[in-house]
Amino acid sequence: MIVGVPKESFPGERRVALVPAVLPALAKGGVEVFIEAGAGALAGYPDRAYAEKGARIASSRGQVFAEADAVFQVLCYGANDKTGRADLPLLRRDQVLIGFLRPLGAPETVKEIAATGAIAFAVELMPRITRAQSMDALSAMSTVAGYKAVLLAATTLPRMFPMLMTAAGTVTAARVFVVGAGVTGLQAIAHARKLGAVVSGYDVRPAAREEMLSLGARIVELPLETGEDAGPGGYARAQDESFYRRQRELMARVVAETDVVITTAIVPGRKAPVLITAAMVAGMAPGSVIVDLAAERGGNCELTRPNETIVAHGVTIIGPVNLAGTVPYHASQMYARNVTTFFLHLLKNGQVELNLDDEITRETLLTRGGEVVHPRVLEALAPAPAAR
Ligand code: NAD
C-alpha cells in the first residue's frame, strides 16, 4: 500500500498532509509513503526528515499520483477552489483520496471527482463520536485557529492584555468577548486568559456554559430562549431571524464595553449569523479589534470582508479564512495524526475496506465506482423543485 503526499498547491498554503513522526505508525500498518520533494518544507519538515523515517521522495506531483494507491492532501479539489482542478486528470479509478473537500459547500466538484473513479473521503464529515476524536481534523484545525485568533487580536490591539501594576502606573487588563464557544471559541478563551485578559463568553448552547466557566471566562447572560439541546453532532441549531435580532440588541452593550471581540458562531450548512452590526461596531471604542473567525462562512460581523483586514469607525475588523494554515508546523502535525489514524482505521489486511456498517467510513465516503455516494452531497446536488 503506497500513500502519496503531493505538495499543497493552494496559493499560500504551507501545511503538509503527513509529517515524518507519523511514518513509523503507517509503516507498521504496511504503508509506504511517497512524498513530493519539498512538500513539507514550508511547514518546517525537510525532505531528509521524511527520508530518515523511510519515505521515498518523488521528483514530481505527477509521479506521486501515478504511484500512489492513496493520496493524502490537506486541501483537495473542492476545498482548493484555486488550483485543485489540475489534480483531476491525475486521479484514477479506485485510487483513494483523503483530505478536506468541502463537499457540502462545493458539491459539483465532488461529481467531477466521482467521474475519475477515485474513492474520495472528506475529513470534514468525520462523525462527532468518541471513537473518531483522534481523526477529527476539523477540531484540530479549530484548535489552532482559536489560538492564533488571540495572537492576532493581541498584536493588533493598541493595549496590552494583562493587568500590570508598575512604577509607571497601572495598566488595566484588556476585555475580550468570545462569541461562540465550540472548539475554536474555547481555545480563544483559554489563550486570552493565559495572556491575562478579562474574558467573557456567550454561546447559544447551554452546555457550553460549564466549559467556558472551567476556562475562567465570565458568562454573558442573555435572556434568550435557545432551547435545551444542541442539534445532531452537538452542533448549534439554527435560530430564526427574530432570535438573531434580539441577540444583537442584547449583545450591543457587552460589545461596546469590550476591547476585543472574537466571533466563532457557526451553524452547520448555513451562512454564519450576523451578530455584530455596523452600528455595534460604531459603538466600540476606537482601537478595538474584532477577529471574525466565521469570515469564510459570510462572517458574524456585518462589516467583515473575508481574507481582509479593514478599519471601520476606528475598529479593526480582521476576517481570516485559513488561520490554521498560518501555524503550519503544528497544524500539519495534528492533521497528519488525524489522517493517519483514519487511514489505519480503513485498512483491513493491508487494503482499504469500504465497510459501510462502520459509521466513520460511511459518513466520510463521498465517491466510489464513478458515483457520488454520500446522501447529503446527493441531496445538495439534487435540482431544486420547480417553483409553482
Ligand atoms: P461550530 O464550529 O459548529 O460552531 C461554533 C460555536 O458557535 C458552537 O459552539 C455553536 O453553539 C456556537 N453558535 C452558533 N450560533 C450561535 C449564536 N447565534 N450565538 C452564539 N454562539 C453560537 O462548533 P464546534 O466547534 O464544531 O463545536 C460544537 C460542539 O461539538 C461543541 O460542544 C464541541 O465540544 C463538540 N465537539 C465534539 C466532538 C466529538 O465528540 N468528537 C468533536 C468536536 C466538537
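Modeller: Start with a contact in strand S2: Val33 is the bridge partner of Val3. The model is predicted, so local features need pLDDT of at least 70, side-chain atom pairs count only at pLDDT 80 or more, and totals for chains, interfaces and linings use all residues. Residues are numbered from 1 along each chain as its sequence is written, and side-chain values use heavy atoms, leaving out hydrogens and water.

Strands here are DSSP runs of E with at least two residues, helices are runs of H or I with at least four, and both are numbered from the N terminus. Two strands pair if DSSP finds at least two bridges between them. Strand S1 (residues 2-5) meets S2 (residues 32-36) in the parallel sense, over four bridges. Between S1 and S2 the chain passes through helix H1 (residues 23-28), and this β-α-β crossover is right-handed. Right-handed means that, with the strands pointing away from the viewer, the path from the first strand over the helix to the second runs clockwise.

S2 also pairs with strand S3 (residues 56-58), again parallel, through three bridges. There, Glu36 stands opposite Ala58.

S2 is mostly covered: four of its five residues are buried. Buried means under 20% relative accessible area, exposed over 50%, and partly exposed in between, using a 1.4 Å probe and protein chains only.
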